[in-house]
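Let's work through a structure together, one question at a time. Have a look at it first, then try each question before reading on.

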Amino acid sequence: MVALGTTLTLPAAILCAVLIELVEAVPPLDPYKVLGVTKHASQAEIKKVYKRLAKEWHPDKNKNPEAEDMFIKITKSYEILSNEEKRSNYDRYGQTDDTQPHMHHGQHPFHHHFYFDESFFHFPFNSKDGKDFADGKYMLHFNRYVSDVVPDSFRRPYLIKITSDWCFSCIHMEPVWKESVQELEPLGVGIGVVDVGYERRLANHLGAHRTPSILGVINGKVTIFHYAVHRQHLRQFVEDLLPQRLVERVTDRNNQPFLSSWHEINKPHVLLFDQVSIVPLLYKLTAFAYKDYVQFGYVDQGLTETANLLRRFNINTYAPTMLVFKENTDKPADIIQAKGMKKAIIDEFISNNKFLLAPRLANQKVFDELCPVKQFHRRRKYCVLLITSEEESFDVGNKAFLSMASANTNDALRFAYVYQRQQQPLCDALLRNRDSGLPQVVILERRNAAGKVLYKPLLSVWNGSENDKHRLREELQQLQKDPSVLNHDAILPELNNEFASMFLIRWVFAAYDYLTEIIDDLLHNNWREMMPLLSLMFSALFILFGTVVIQAFSDSSEEQPAKPKPKEGSKTENGSPNSGGVSSRPPKKNFVEVTELTDITYMSNLVKLRPGHTNVVLVLTDATKNILLSKFAKEVYSFTGSLTLHFSFLNVDKHGQWMGTLLEFAQDAVQMDTDEDESGNRRVDYTGYVLALNGHKRYMCLFKPVYTGEDHDRSDKEEAVAGGGSSAFSGRRSRSRSRSRSRSSSREDHHHQHQSRKGAARSMRSTTLQTHHKLDRLGLWMERLIEGTLPRYYIPAWPGLDKITVTK
């Protein structure tokens, strides 16, 4: 407190006066007016109105610029009126948390003295001292979240606050957050705080796109809190995170089936007796933490249906009581009773009773905890293992083994059993080279995490007789004196998980969680945040649709030249002299479907062709395309009935290098013929070649064309070469026959031949006739291809069609 006229200078006084006037100008919060209820409204009415207004003014759904401020006022008003103490203070004094105590409306602070409120000049932004209460204790970074929080979330849920240094709304949320943390953390809920200014990577990983936000993490899954920040809402949010049916309600009617299920689920049972009608959150969190070890039940002492249970176990109704049952369902194995049931007390009680007296080794996790690896000499743990079966004939021996386990008081000895049929690899490792039957008792000690054990099997079959019990006691006593009696060693395999769910069930649950998360994002996230995902989805659909349309138009354009061929094919079917041996199989199509072999169809039509299928490829050029396709359709029409034959054509003007690369593997058996172009360069003429390509076995068969020139009588001028469909070359057009390696002599011969060419018109006519007759013997070659008598040239690897340079 400082006197105005003595210490403050005139400018400072004016500044302070302006600030105070601004504070006084802000109208006080009237919770009744904000919620629109009367002072006599009940709690149910206030809660109903609050839910309606909160849903209407939520900033995620209401885009009004004043929505956020109105939502804060609604939340603050409900916080005042839902608390009887705060409501009473407001009704009496008009006091809220935002107003100074004992300051009445209309009282001017300058009348007597000037008061400094330190909190008014204290800005929490961008300073370590101004961070929310104890946030440093709960601050998370990415590595800690991945290594600590995610694994720990399988034992307890986490509540994480997303904040930043310059978050104005975080100031209003802080009191509620502080109360919730003080309430939930002692119950076992994990707490975390993420500052987006320092951990933007973690905030993006969690899906938090705004501040403030509250998230829940359980079983590694993130859930966003979408409701008004209120203590009861946060508590309910934590309860909703927990799986359903963690705790079963037990009455006089179902208590016996509940306690008797210890054998099937291989777990002890814990019963909590309390007078409240709902299961306490502390008990639910405990059940979640120990769900892999213990089955939990809850008994409401206020119900008439539980009176017999209270009398049966002599329960004191004035304090919560917890009983644990193991193999004996008539008498609890342990009991605890206390008015203030704290988490530490419950954890210690459950930890001491996590296993049955003689549990079944149903998975590797139970085996590791029951029979840990030896660490120190004085902390050795020995596992007495019964190898038995679930059949009724073994019940006597199993019960005798259980009686010995019940009488055991030595902490260094652990009793357990396995079923041989469900853990066959483990039993084979312990009972190898032994012909004795079941059941068997084995005493073992684990030496390392790799599975090495020292063990000793009993010499006789375990029948549960008194002699067997006496022998086992002697062995255990001898073991305590001399551990070297374990004279066998083995490497044990990992145990089968007998309680693992089927793959289909796990897949269904995973798909359900994924769909739930997507629906939750669609319902609560705004469209601005969903735009990247929607853009990705529409882009993928557009690319897929465009690919299908382009492929459809490409296939239709490629098949167009083959459409007029059925008429010619029908002539061949009726008996064409050029067919060279027509197949007797009736064709299943009235046309020949011929597709172009391009870089798009190369993989499906050749490289990845199904086993047993062959692609017959005609080699042509742009100039000879129409003539050769028509002749090709006529010759192969008879073979279209075979489902293993596919017909294609290859444009050698585009893929000449690919053709040359492929025929290099057949040079030892096939001689190439060359032409000269106008510049005098040698060029191999592949026009009219036909290749039968087997993509799976990587081999080809080759057909070389027949040249007959202008003479239509081929009987005197054609001579088919036996083998590979290759024929002798004839005709009036002079071609080079020289096989010399000398390039200069070859060019000289071609020069003299070109000098003797005839007129252009006759030459074009001769070329057309020659092209038409290049496939005259293709029908005979196709017959030999079907019979499998053609020579095959194997290809080590198909050359890539898309990598070949265009030679056009």
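**Loops and charged pairs**

Q: Where is the place of Gly788?
A: Keep in mind that this is a predicted model. Helix H28 covers 778-787 and strand S22 covers 793-794. Gly788 sits in the loop between helix H28 and strand S22.

Q: Is Gly788 buried, exposed or partly exposed?
A: Its relative accessible area is 43%. Buried would need under 20% and exposed over 50%, so Gly788 counts as partly exposed.

Q: How many residues apart in sequence are the parts that Arg360 and Glu498 tie together?
A: The side chains of Arg360 and Glu498 meet in a salt bridge, 3.1 Å from N to O. Arg360 lies in the loop between helix H15 and helix H16, while Glu498 is in the loop between strand S14 and helix H20. So this pair ties together parts whose separation in sequence is 138 residues.

Q: About how many helical turns separate Lys469 and Glu466?
A: Their side chains meet in a salt bridge (3.9 Å, N to O). Both belong to helix H19, and they are three residues apart. So the separation is about one helical turn.

Note on methods. Residues numbered from 1 in each chain as written. Predicted model: local features only at pLDDT ≥ 70, side-chain atom pairs only at ≥ 80, totals over all residues. Heavy atoms only, no water. Helix = DSSP H or I, 4+ residues; strand = E, 2+ residues; numbered from the N terminus. Buried < 20%, exposed > 50% of the residue type's maximum accessible area, 1.4 Å probe, protein only. Salt bridge = Lys/Arg side-chain N within 4 Å of Asp/Glu carboxyl O.
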